[in-house]
Amino acid sequence: MDRSKLGLVEARVETYAGIVFATWATDAPSLEAYLGDARWYLDTLFNRRDGGMQALGPMKWLEPVNWKTMVDNCSDNYHVPTTHQSSARVQTRYLGRPHLSHKDQFESPNRHVFVNGHSLTFREAPDNTPRYVHGMSKDTFALFQQYYEATLPEVERRLGSLRARRVQLGNHSIFPNGVLGFRLALPRGPLQTEFWHFVLLEKDAPETIKQVIRIGSQANNGVAGLFEQDDVDNWRQVTAASRSRLSRRVPQDLSMGIGHAGSHPDYPGVVSERYISENNQRHFYRRWEEFMNAESWADIPIAPITARFEGTATIRG
Amino acid sequence: MVTSRQALWLELMSFYIREAWLLDERKFTGWLDLFADDVLYFMPRRKNVLRRESHREVTPLGDLALIEDDRRYLEMRVARLDTGMAWGEDPPSRTRHLIGNLVAEPADNGEVNAKTAFLVYRSHLETDHQLLAGSREDVLRRVDGAWKIARRTVILDANVLLDKNLSVFL
């Protein structure tokens, strides 16, 4: 008996800013190549500080949906003012959260960017403004502002001026099934997905900041989250509706923003003109199709890295 | 002859039965009134671990919880339902809260530690349904003659949540 052939199947493992990625494929590109220019944006969330990040969780739950619905939802910014209106309103009233309306969403300066298979959104923020997270309220904003200003020199050293001060990653998905920041949509069958929801915190952030982010996350996302409770029936019902014969005669319309995206002089990837767009979704489904039809990794185009990574941060942190 | 411990048990059992009816009859403002202003409503996660690691089974305060609400967040959860746009609970769930296994222990400071078990059945929309089981560990305090919940810790009998969401109150 040749024992050397009886071991467990080994996965190939690499890390990005402490996040562990694995693949079964021995011929897959390196993680660095796989993330490509997406890392230019992802760094602005995951790679800000020397101490790196820690993960709380995961919270786990099952939904009778296909995993791709979650990725689609992640770049769907137009359902938000309708689906999440009640949650936004009470939080505006009680916590002074920014107002949420169709007008605000449609006029948002944020944009889609599709880069090497990953569906991201980002904004070019005004200088000296911390990135908005759930949990920020009129009571805690000063805390976040203080933390932002105190850590800016470190972040600028690591990411360069533009990314430290102006580029803010929004809701995003790392291909194939990483969504938001940070959740996995694990397929348990064609119409079954298990969500693993994490909250990522900067290790060196003060306890007060960590607590506010943690509480904000559970209050909005997750099984009991004010925002997320109202998403669930949407996902379930679009899934159930898509299974009918009649429904299959009506393909999903993903034409929003066709022709209104392209390359940008300052930002890598395919950048949409507007936040309210289906540019990411179109590219995502095509990317999935590419993966499904490929005989091997050799058939899957990986966009070369073109972004200039200013600062000292590397893929390892 | 009823002992003081038995009297306490009867009083608290009535309290918990009243709470159950408030929830099942969707009288959520009345339900909110049962909580003290400084309440912490805490529902930790529960992990699937070996017996010898039981101390790691329930996540401590400070880890990601399912719910970690102060009074304000509880009020927001209820206020949301009145907007007419809380789609996840409009049409509302049909619930049945069965509360039992009450054990009440007076503490030294006049407060009471009480634990109860629950079985909550939830029916929603056409055919969606969910059965939630678990326990509540409450710290109860007398305020102006009435019991108020100063702290509630809900331990769900679940690891991966199987159905929909946790939009009903426990």
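How many residues of chain A are in contact with how many residues of chain B?

## The interface

In this predicted model, 29 residues of chain A are in contact with 28 residues of chain B, two residues being in contact if their C-beta atoms, placed from the backbone, lie within 7 Å. The largest share of the side of chain A that touches chain B comes from helix 5 of chain A, with seven residues; helices (H or I, at least four residues) and strands (E, at least two) are DSSP runs, numbered from the N terminus.

## Chain A

Chain A holds ten helices and twelve strands, and its C-alpha atoms fill a box of roughly 65 × 50 × 45 Å along the principal axes. Among contacts in chain A with a separation of 6 or more, 71% link residues 24 or more positions apart.

## A sheet in chain B

Chain B has an open sheet of six strands in the order 2-1-6-5-4-3, with mixed pairing, where two strands pair if DSSP finds at least two bridges between them. Strand 2 (67-69) and strand 3 (94-106) of chain B stand at the edges with a single partner strand each, so one side of each is left without a neighbour in the sheet.

Strand 3 of chain B runs antiparallel to strand 4 (residues 112-124) of chain B, and eleven bridges join them; P106(B), for instance, has V112(B) as its bridge partner in strand 4 of chain B.

## Conventions

Residues are numbered from 1 along each chain as its sequence is written, and chains are lettered from A and ligands numbered from 1 in the order in which they are written. Because the model is predicted, local features need pLDDT of at least 70 and side-chain atom pairs count only at pLDDT 80 or more, while totals for chains, interfaces and linings use all residues.
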